[in-house]
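Please read it alongside the sequence.

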Amino acid sequence: MNNQKRVVIKVGTSSLTYETGKINIRQIELLSQVISDLCHSGCQVALVTSGAISVGMSKLGFNERPKTTREKQAASAVGQSELMSLYGKFFAQYGKDVAQLLLTKNILDNEERRENAINAFNTLFEWGVVPIINENDVISTAEIKFGDNDTLSDVVAELIEADILIILSDIDGLYDKNPAKNPDAVLVHEVYEITDEVMASAGGEGTNRGTGGMVTKLIAAKRAMAAGIEMVIANGKNPKIIYDVLEGTATCTRFKPQKLRGHENV
Ligand code: ADP
């Protein structure tokens, strides 16, 4: 394993919550353990986490996802602090501190904001603190919204010039058609270009608890590949898969850029 890697890991709501909608504490603990261990081995890891609204609903005892924007924003505010308190507790068990970064898309429109974000990330890495990122739901309006954390995770990977972006989902990777509707769908192991045909294989939205499905992941992959960053979709049901992804042995989908960032002739 290359121990100097800068890694962005994105974990989806479907990997962080049970079908019951309640938070999967074991998953959060395992994820914290693996990321802490990677940091000890020399990697610099940033975690993009979804799940704030679901965790907020669970904490407030709601059975149905709120429908209005203001309710979603309020539930997210409740869930975000609960999520961070869990991450803080579990990372601390492995000797790591965490930092919360709530971003909005307008960091990209303004060079100073962009620079501030990059500087904050770099300082946290220097201090050995794990940045944990989510969209700032409470103030996000349509104009400044990333909209989904797949896109946000690509933006983070580009900002910090990551070597690899690992998206953990509830599925082994990209299939040649939506496996929820086609039992004969086959896992695609490597993708070199997001063609219209590849885009068409992403069938609509994902699970009830997740949001973007494969479409937003493919859009993120296209952007990451253009920036020379490898992106991987892997099954987050056992976070230890992150080790296998970095060692090149995981069953997953790898989106391979033609030119790796910083390597003109690769
Ligand atoms: P997450 O919360 O991890 O972001 P989502 O539920 O939003 O997860 O997206 C993953 C889901 O996308 C899968 O469980 C699957 O139902 C759906 N999906 C649609 N088309 C495909 C495809 N071609 N390959 C894999 N999954 C697909």
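**Briefing: buried residues and their contacts**

In helix H6, the buried residues are Asn149, Asp150, Thr151, Leu152, Ser153, Asp154, Val155, Val156, Ala157 and Leu159. Buried means under 20% relative accessible area, exposed over 50%, and partly exposed in between, with a 1.4 Å probe and protein chains only. Helices (H or I, at least four residues) and strands (E, at least two) are DSSP runs numbered from the N terminus. The model is predicted: local features need pLDDT of at least 70, side-chain atom pairs count only at pLDDT 80 or more, and totals for chains, interfaces and linings use all residues. Residues are numbered from 1 along each chain as its sequence is written, and side-chain values use heavy atoms, with hydrogens and water left out.

**Helix H6**

- H6 is mostly covered, with 10 of its 11 residues buried.
- At the start of H6, a side-chain oxygen of Asp148 comes to within 3.0 Å of the backbone nitrogen of Asp150.
- After H6 comes Glu161, which has a positive phi near 50°.

**Helix H3**

- Helix H3 (residues 52-60) is also mostly covered, as 7 of its 9 residues are buried.
- The buried residues of H3 are Ala52, Ile53, Ser54, Val55, Gly56, Met57 and Ser58.
- These buried residues pack against helix H1 (13-16), helix H4 (69-93) and strand E4; contact here means heavy atoms within 4.5 Å.

**Nonpolar cores**

- A nonpolar core is a set of buried Ala, Val, Leu, Ile, Met, Phe, Trp, Tyr and Cys residues joined through side-chain atoms within 4.5 Å.
- In soluble globular proteins, nonpolar side chains tend to be buried together.
- The largest nonpolar core has 39 residues, and the members that touch the most others are Val8, Phe121, Ile133, Val156, Met231 and Phe255.
- Elements that give two or more residues to this core are strands E2 (44-49), E3 (98-103), E5 (164-169) and E7 (230-235), together with helices H5 (111-127), H6 (149-159) and H8 (213-226).
- H8 supplies the largest share of this core, 6 residues.
- A second, separate core has 36 residues, including Leu38, Ala52, Leu168 and Val232.
- Not counting residues up to four places away in sequence, Phe255 touches Leu174, Val191, Ile194, Leu218, Ala221, Met225, Ile229, Glu230, Met231 and Ile233.

**Asn134**

- Asn134 lies in strand E4 (residues 130-135) and is buried, with a relative accessible area of 4%.
- The side chain of Asn134 makes polar contacts with those of Gln80 at 2.9 Å and Asn149 at 3.0 Å.
- A polar contact is a pair of N or O atoms within 3.5 Å; within protein, one must be able to donate a hydrogen and the other to accept it, and residues adjacent in sequence count only if both atoms are side-chain atoms.
- Leaving out residues up to four places away in sequence, Asn134 touches Thr49, Ala52, Gln80, Leu101, Leu102, Leu103, Asn149 and Leu152.

**Thr49**

- Thr49 belongs to strand E2 and is buried at 1% relative accessibility.
- The side chains of Thr49 and Tyr87 form a polar contact of 2.8 Å.
- With neighbours within four places in sequence set aside, Thr49 is in contact with Val11, Leu16, Leu83, Tyr87, Ile132, Ile133, Asn134 and Asn149.
- Thr49 and Lys240 are 191 residues apart in sequence and 17 Å apart in space, C-alpha to C-alpha.

**Asn235**

- Asn235 is located in strand E7 and is buried, with a relative accessible area of 10%.
- The side chain of Asn235 is joined to that of Asp172 by a polar contact of 3.1 Å.
- Neighbours within four places in sequence aside, Asn235 is in contact with Leu168, Ser169, Asp170, Ile171, Asp172 and Ile241.

**Cysteines**

- A search of the whole structure finds 0 disulfides, a disulfide being a pair of cysteine sulfur atoms within 2.5 Å.
- Cys39 is in no disulfide, and the nearest cysteine sulfur, that of Cys43, is 7.5 Å away.
- For Cys43, the closest cysteine sulfur is that of Cys39, and the 7.5 Å between them is too far for a bond.
- Cys39 is buried, with a relative accessible area of 16%, and Cys43 is buried at 4% relative accessibility.
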